[in-house]
Amino acid sequence: MKLHHPHGPVPEGVDVLWRCEAKSYSYVIDADREEYGVTAPRLEMRWYHVDRRTPKGAYCCGEFVRLTAHKKRFAETEADALRDFKARKNKQIQILSRQLVRAERELALTKPSHDLLVA
């Protein structure tokens, strides 16, 4: 697994919080034909400067971020940010899988064999 750090290394002595996300970028294949493509996704580990810390969280990016909450927008370490990313993606897969099962079950209602069972 390779992590990309778009902001580069953290400056010495700077207090930061971390967030890991999968990113894809669009690019122009042929501008005349209005043809565009998308890059393969990659993991980006971004750091954000902490303006001020409190006992319950920190001020980061102009807003207060709770660091004691179950669901956190930012993490204290890169390892925690990666763990949180995995948890978010697993939850997303769980939610979308349930939606797919529900959609397939509802679509099955339109099949002729279902009409015979109901009648």
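Author: Ala-75 touches Leu-17, Trp-18, Asp-80, Ala-81 and Asp-84, leaving out residues up to four places away in sequence, where a contact means heavy atoms within 4.5 Å. The model is a predicted one, in which local features need pLDDT of at least 70 and side-chain atom pairs count only at pLDDT 80 or more, while totals for chains, interfaces and linings use all residues. Residues are numbered from 1 along each chain as its sequence is written, and side-chain values use heavy atoms, with hydrogens and water left out.

Ala-75 belongs to the largest nonpolar core, whose 10 residues are Val-16, Trp-18, Cys-20, Leu-43, Met-45, Trp-47, Ala-75, Ala-81, Leu-82 and Phe-85. To this core E2, E5 and H1 each supply at least two residues. Such a core is a set of buried Ala, Val, Leu, Ile, Met, Phe, Trp, Tyr and Cys residues joined through side-chain atoms within 4.5 Å; buried means under 20% relative accessible area, exposed over 50%, and partly exposed in between, with a 1.4 Å probe and protein chains only. In soluble globular proteins, nonpolar side chains tend to be buried together.

The names of helices (H or I, at least four residues) and strands (E, at least two) come from DSSP runs numbered from the N terminus. In H1 the buried residues are Ala-81, Leu-82, Asp-84 and Phe-85, and the buried residues of this helix pack against strand E2 (16-23) and strand E5 (42-53). Helix H1 covers residues 78-108, and because its 31 residues should span 45 Å at 1.5 Å a residue, the 45 Å between its end C-alpha atoms agrees with expectation; the expected span is 1.5 Å times one less than the number of residues.

Strand E5 also holds Arg-46, which counts as buried because its relative accessibility is 18%. The side chain of Arg-46 makes a polar contact with the side chain of Glu-44 at 2.9 Å, a polar contact being a pair of N or O atoms within 3.5 Å, of which, within protein, one must be able to donate a hydrogen and the other to accept it, and residues adjacent in sequence count only if both atoms are side-chain atoms. Neighbours within four places in sequence aside, Arg-46 is in contact with Pro-6, His-7, Leu-17, Trp-18, Arg-19 and Tyr-25.
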